[in-house]
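Me: Please take a close look at one part of this protein for me. I would like to see how that part sits against the rest.

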Amino acid sequence: MKNENVKVKIPMDPTDPSDLLVCVNGQRYLIQRGRAVSVPPCVAEVIEHAELQEAAAAAYMNSLG
């Protein structure tokens, strides 16, 4: 079974306009913000996990008052 690339889009961030660097098994991917790009599934998974962690951290910070 061939690993098909998947499309991801990293939203623009006014506080951090730089491109997103994702490293998986020593392979680096520089992903431009604001554009839909095709990446391997493992890269999409890393991005998804990072977004989940960021949301969990924000929820925790909000719970502190």
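Reply: Start with the buried residues of H1: Val43, Ala44 and Ile47. Buried means under 20% relative accessible area, exposed over 50%, and partly exposed in between, with a 1.4 Å probe and protein chains only. An α-helix has 3.6 residues a turn, so residues three or four places apart point the same way.

The buried residues of H1 pack against strand E1 (6-9), strand E2 (20-24), strand E3 (27-31) and strand E4 (36-39). Contact here means heavy atoms within 4.5 Å. Helices (H or I, at least four residues) and strands (E, at least two) are DSSP runs, numbered from the N terminus.

The model is predicted: local features need pLDDT of at least 70, side-chain atom pairs count only at pLDDT 80 or more, and totals for chains, interfaces and linings use all residues. Residues are numbered from 1 along each chain as its sequence is written, and side-chain values use heavy atoms, with hydrogens and water left out.

Now the length of the helix. H1 covers residues 41-63, which is 23 residues. At 1.5 Å a residue, it should span 33 Å, and its end C-alpha atoms are 33 Å apart, so the two agree. The expected span is 1.5 Å times one less than the number of residues. After H1 comes Gly65, with a positive phi near 110°.

Next, the setting. The protein has 1 helix and 4 strands, in the order β-β-β-β-α along the sequence. Its C-alpha trace spans about 50 × 25 × 20 Å along the principal axes. Of its 65 residues, 15% count as buried.
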